[in-house]
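Hello,

Here is the structure I promised to hand over. My notes follow below it.

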Amino acid sequence: MQDKLINVARGLEKADLVIKNANIVNVLSEEIHKGDIAIYKGIIAGIGENYIGKKEIDVNGAYICPSFIDGHVHLESSMMLPSEFAKVVLPAGTTTAIADPHEISNVLGLHGISFMREAVKDLPIDVFAMLPSCVPATPFETSGFDLNSYDLSLLIDKPWVLGLAEMMNFPGVLNLDSNVMAKLELAKSKEKRIDGHAPKLSQKDLCAYIASGVKSDHECTTPDEAIEKMRLGMYIMIREGTAAKDLDALIPVLKNCNTRKCIFVTDDRHPSDLPEHINGMVRRSVEAGVDPIKAIQIGSLNTAEYFGLKDRGAIAPGYIADMLILPDLKSFKPQFVIKNGNIVVENGKITCDIPKCENTSVRGSVNVRWIERNDFRIKAKSDIVKTLEVIPNQLITKSIYSKIKIEDGNAVSNIETDTLKICVIERHRATGNIGKGFVKGFNLKSGAIASTVAHDSHNMIVIGTNDYDMYLAAVALIKCQGGKVVVNNGEIISELPLPVAGIMSDKEFDYVVEKSEEVNNAAKSIGCTLEDPFMTMAFLSLPVIPELKVTDKGVFDTNKFDFVDIFENIPAKI
């Protein structure tokens with residue numbers, strides 16, 4: 001093949017495909033120039049004039065840029081199998097994804113990683129993996145599995161593994177936890193990347209975290225935070241997910257700083273937010289004043305170079321022919337998507353086969369000790385409690401004090417103050433653990449909502465106005481082996497089953513979108529005012545993000561990095 005490729009590059013032999021009269025967006029030289037692109041066996045052979053191909057496409061001055069790469073994504077958060085994910089993002093121009101199978105690993109361990117690898121290996125998008133670094137994220141919750149450095153060593157040498165995924169346990173790094181350090185050393189010994197996850201970490205502690213080998217972060221929510229981390233050598237993964245939306249806040253970084261240290265990522269997105277993918281982040285950046293070439297570079301070359309993917313991310317000889325044909329540099333809706341030299345999308349329609357995941361069966365993952373309505377009771381010590389307050393469109397919560405009601409000696413939800421009971425039920429090992437607290441920001445007026453999608457350990461999370469509806473919601477999830485449910489006045493009014501590990505559907509995109517919209521609308525019908533209540537709820541059990549969260553073991557304060565009694569240190573009045 002090498003000899004043929006050289007001959008095609010020299011114009012001595014015909015290319016498989018020649019794209020004629022293109023305006024090439026060159027992310028290497030940061031310019032746009034005219035030329036033909038000759039492709040042989042899926043590789044770009046040459047760029048220039050007068051190439052001859054067995055097949056030729058005259059694009060008449062349309063723009064051609066490298067296709068997009070998602071630098072950090074949890075495929076499971078789409079609630080769909082990877083084949084359905086590919087169907088949605090490929091027309092948007094994403095042909096490579098760097099996936100962290102963290103969610104399914106928390107449920108199924110190494111089997112979950114193997115399941116996802118089998119599900120992606122024959123897709124028309126390339127999916128590389130970063131091995132989950134924190135399963136569980138902390139010792140303050142119960143996950144289905146505990147993956148140590150030995151477990152990860154079984155996979156670290158696989159060619160589809162690029163490194164160690166987001167090291168959320170930054171306190172473990174700073175305090176030289178032996179398990180954490182062993183994982184870092186494993187990745188460094190193989191010269192593979194280590195991604196970070198360190199919201200608000202700053203100054204000397206940030207220096208220590210970076211010195212450990214961590215080279216990126218996707219938790220920046222302000223320009224100052226991003227700039228500090230960039231100054232210290234980090235790549236800034238600019239995230240635009242469903243719950244966490246940081247692009248607008250970080251536009252000043254893209255306009256005023258070195259964009260070569262920036263990467264676009266989606267992290268966690270629900271299916272309805274997938275049809276516009278990395279291309280949407282590029283479009284919005286350009287609309288906000290970012291140079292189009294730099295915006296494309298952020299979505300392609302920067303990501304490829306960070307992860308050591310030397311064969312993609314640009315249009316140049318020797319690179320994989322992963323390209324987009326764009327009618328303009330405004331909408332960023334590809335007219336054609338080319339993967340490995342083949343047209344896989346034309347005018348938004350997929351033109352290649354996308355094989356379905358044949359084996360979608362995994363063991364039942366909702367294993368809950370028998371529960372009763374009384375299990376949801378909280379004995380009252382005061383009518384004021386320490387409460388999680390939701391911040392819309394952010395993963396961060398506030399720790400506040402709020403007023404509840406007391407009935408028969410028990411603390412119950414107070415609809416008037418929007419202080420609702422929240423419970424996290426362990427669902428992997430039937431331990432009987434139930435963490436109980438209160439949350440503000442959902443505004444439910446009746447009923448309850450519940451889900452087995454609850455980062456990162458994916459225990460069962462329930463929020464409600466009364467114990468009975470919360471109990472019924474939990475039972476409904478057990479019966480359908482995971483999913484999302486809305487209950488009102490003793491009746492299930494909406495349900496989305498997610499039987500694959502309790503976090504993914506085995507149905508098609510349209511079904512998942514329809515049911516997702518249905519459960520969200522059902523939650524809004526009982527008063528919820530959040531744009532996406534289930535996505536917001538899914539992060540209330542993640543004890544690595546400030547300030548207050550609930551796990552199956554109790555209410556956790558990230559500032560103290562310990563569990564707290566919601567009735568302790570209560571002010572006299574609020």
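A polar contact here is a pair of N or O atoms within 3.5 Å; within protein, one must be able to donate a hydrogen and the other to accept it, and residues adjacent in sequence count only if both atoms are side-chain atoms. This is a predicted model, where local features need pLDDT of at least 70, side-chain atom pairs count only at pLDDT 80 or more, and totals for chains, interfaces and linings use all residues. Residues are numbered from 1 along each chain as its sequence is written, and side-chain values use heavy atoms, with hydrogens and water left out.

First, N414. The side chain of N414 reaches the backbone nitrogen of E416 at 3.0 Å. N414 sits in the loop between β21 (410-412) and β22 (419-425). Helices (H or I, at least four residues) and strands (E, at least two) are DSSP runs, numbered from the N terminus. N414 counts as buried because its relative accessibility is 6%; the cut-off is under 20% relative accessible area with a 1.4 Å probe, protein chains only. Leaving aside residues up to four places away in sequence, N414 touches K403, I404, K405 and T419. Contact means heavy atoms within 4.5 Å.

Next, the cavities. A search of the whole structure finds 10 of 30 Å³ or more. A cavity is a set of points on a 1 Å grid, over the protein atoms alone, where a 1.4 Å probe fits but cannot get out; lining residues have an atom within 4 Å of a point. The largest cavity holds about 100 Å³ of space. Its lining includes L75, W160 and R117. α4 (110-120) and β8 (126-131) are the elements that give two or more residues to this lining. α4 gives the most, with four residues. By class, the lining has 10 nonpolar residues, no polar and one charged.

Then the strands. Two strands pair if DSSP finds at least two bridges between them. An open sheet has three strands in the order β11-β12-β13, with parallel pairing. β11 (216-217) and β13 (262-265) are the edge strands, each pairing on one side only. Two bridges join β11 to β12 (residues 235-239). Y235 in β12 is the bridge partner of S216.

Last, the hairpin. β26 (residues 483-488) and β27 (residues 491-497) pair in the antiparallel sense over six bridges. In this pairing, V485 has E495 in β27 as its bridge partner. Two residues lie between the strands, and N489 in the turn has a positive phi of about 50°.

Best wishes

Terms used:
On a 1 Å grid over the protein atoms alone, a cavity is a set of points where a 1.4 Å probe fits but cannot get out, and a pocket is an open set with protein on both sides within 12 Å along at least five of seven lines; lining residues have an atom within 4 Å of a point. Grid points are joined across faces, edges and corners, and a volume is the space filled by probe spheres set on the points. Ala, Val, Leu, Ile, Met, Phe, Trp, Tyr, Cys and Pro count as nonpolar, Asp, Glu, Lys and Arg as charged, and the others, Gly among them, as polar. Buried means under 20% relative accessible area, exposed over 50%, partly exposed in between (1.4 Å probe, protein chains only).
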